[in-house]
Amino acid sequence: MRRSVPVAAIAAITSAGLLLAGCSGGKGSDDAGKANAATKGIVNVSDEKGGTLNYAIADAPESFDPGNTYYAFIWNFSRLYARPLTTFKPAPGPKGNQLVPDLAESMGKSSDGGKTWTYKIRKGLKYDDGKAITSHDVKYGIERSNFARDILSLGPNYFQTFLKDNPGGYKGPYKDKSKAGLKSIETPDDQTLVFHLKKPFAEFDYLVSAPQTAPVPQAKDKGADYTRNVVSSGSYKFQSYEEGKQLTLVRNPNWSAKTDPLRKQLPDKIVVKLKVAQSTIDKDLKSGTTHVDLNGRGVDGQTQAGLVTDAKAKGNTDNALGERLAYTAINSKVKPFDNIECRKAVEYAIDKKAAQTALGGPIRGDVAGTVLPTDIAGFQKFDPYPQKYAKGKLDLTEAKKHWDKCGAGKVNTTILARSDRQEEVDGATSVVDSLKKIGVNAKIQTYPSSKYFSDYAGAPAFNKKNNVGLMMMQWGADFPTGYGYLQQILHGKAIQKSGNSNLSELDDPEINKLLDSAIANPDKAAREKAYAQIDKKTMDQAVIVPITYFKVLLYRAPKATNMVSTSAYSGEYDYLNIGLKK
């Protein structure tokens, strides 16, 4: 959580943010103690083994099940015990977007014009119980995570959308009485997977980096309870899990570096403490009793104010972009926001400078005008709803003009935010204050991150029943392309009953078609041009109010080794090989 801080502290943060941006950094452990060092190189490079690596998080994750989660920090962390077919090489900033084989022995081989993709998994792979990992287990992992949405609803639905349909339909492995499984994923032998798609998918190697492609042995699957004891294909395995309290991982004795060129298996043990106050996490990071904040969102407001004005402490901070946008989603299915003029009024009315301050000031991101973040290929700078200020106050002329066209008069609505993210609550408060000035009375309702998408903001029926017109949101790319960023928050087919990320419930045929045709195009430059076009058409629909191109401000624990901030996981530290200095 990030708490709001006094105006004087915000001024200090803004000034210090300029200093942070100008600090030098480089590769290797020589840069330990320099601000932004982990955005430019790997800090404290070491192969030293041993010790207990301590993580902490302010809430509890929605799930540790790699097939039932959609937060970037779990996609990052789960690679310690669940290996996807491909993943990202640990490296600083945009260099961390380099895709490499993980469970697969090489990148996929495309045929049939991009509609068929073939992978072979590495030989000699074993689970933590010593049993062999097979291609059938990878197929099963995809089946359960994408086709049993009534039980596992929290991840994206890409495979469900793009794989060829089974004759007669397919309701997932828990309801498949024939036990035949998906015909669109073939496993001709224990090593080979062949994916058959409805349409070409030019970025499929990126798609299989999702943790949903991690293998799951069907005999050990416990449905929603699989999160309690995931069977490990990675370098660490579950030792114990106390729900809402703690997860403990220990070395997987059946993991072998011979079949895994990425992982190092450094600590003896990894402990994740759950539901720890953010202020406590920040204090423990500075004292060295906690080594990593699992959430990866950065320190809270009070900690931030102290860090950026303390030269020594500032040397252990990393201020990074991570292909993220902080925004307010406008629900296009709830009155009066089903009227585009009402939505345009909101675009003009939300004071983005005030919201930026509430979210932590410029150090936490520049004011945004687009859906695509600046660090996603295809980004084009534009702002269809420019804001004008006079003596520090937002000019509401355009907002009131569109609200009058809307004809809604004074209305009541509900705005949602995550209770364990104080900065998001502060941002919602700022939005409420802005909208009052045009006649919108918004009531804030907060819910924990672990349930935000399954039960509340991501559940359209809940939003309709509770008059939810606005939702605070922060979004990072599933994979570092315009499609990996846009599809799940804009495409009509991405809308789900639970675990929905298309919070605006946008289902625009033209945008859907542009997304579909872009991903089928083998020409990278053409795809990126299309992503910019989609961005502009989305802004024309006024369903998303971009607030800031979000930046993290992380505190880098001095005793932690191999620390590197990666764009692949929203600017978080890459969790694959963090160790400890003794």
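How many bridges pair strand 5 with strand 7, and in which sense do the two strands run? I started my notebook with this one, keeping in mind that the model is predicted.

**Entry 1: the sheet around strand 5**

I found strand 5 and strand 7 (residues 192-196) paired in the antiparallel sense, over five bridges. For a landmark I noted K120, which stands opposite T192 in strand 7.

Then I looked at strand 4, which is joined to strand 5 (residues 116-120) by three bridges, again running antiparallel. I wrote down two facing pairs here: S111 is opposite T116 in strand 5, and K109 is opposite T118 in strand 5. Strand 4 and strand 5 make a hairpin, with four residues between them. In the turn I picked out D112, whose phi is positive, about 55°.

Zooming out, I saw an open sheet of four strands in the order 4-5-7-6, with antiparallel pairing. Strand 4 and strand 6 (185-186) are at its edges with a single partner strand each, so one side of each has no neighbour in the sheet. I also saw helix 3 (residues 135-147) packing on this sheet, where it touches strand 6 and strand 7. The direction of helix 3 makes about 35° with that of strand 7.

Next I traced an open sheet of five strands, and its order reads 8-9-10-1-11. The pairing in this one is mixed. Which strands sit at the edges? They are strand 8 (236-242) and strand 11 (292-293), each pairing on one side only.

I followed strand 1 (residues 52-56) to strand 11 and found two bridges joining them, with the strands running parallel. Y55 is the residue I marked, as it stands opposite V292 in strand 11.

**Entry 2: two helices side by side**

Before this step I reminded myself that two packed helices are described by the angle between their axes and the distance between the axes. For helix 16 (residues 509-520) and helix 17 (residues 524-541), I noted an angle of about 165° and axes 10 Å apart.

I listed who makes the contact: from helix 16 it includes I511, L514 and L515, and from helix 17 it includes A530, Y531 and I534. Charged residues take part too, among them E510 of helix 16 and R527 of helix 17. By class, this contact has eight nonpolar, three polar and three charged residues.

**Entry 3: a salt bridge**

My reminder for this page is that side chains of opposite charge can pair when their charged atoms come close. The count came to 23 salt bridges.

**Entry 4: backbone details in two loops**

Which residues does a cis peptide bond join? I found K335 and P336, with omega about 0°. P336 belongs to the loop between strand 13 (324-330) and helix 9 (340-349).

Last, I checked K275, which is not a glycine and yet has a positive phi of about 55°. I located K275 in the loop between strand 10 (269-273) and helix 6 (278-287).

Technical notes:
Residues numbered from 1 in each chain as written. Predicted model: local features only at pLDDT ≥ 70, side-chain atom pairs only at ≥ 80, totals over all residues. Heavy atoms only, no water. Axes fitted to C-alpha atoms, helices over the stretch in contact; angles between N-to-C directions. Contact = heavy atoms within 4.5 Å. Pairing = 2+ DSSP bridges. Salt bridge = Lys/Arg side-chain N within 4 Å of Asp/Glu carboxyl O.
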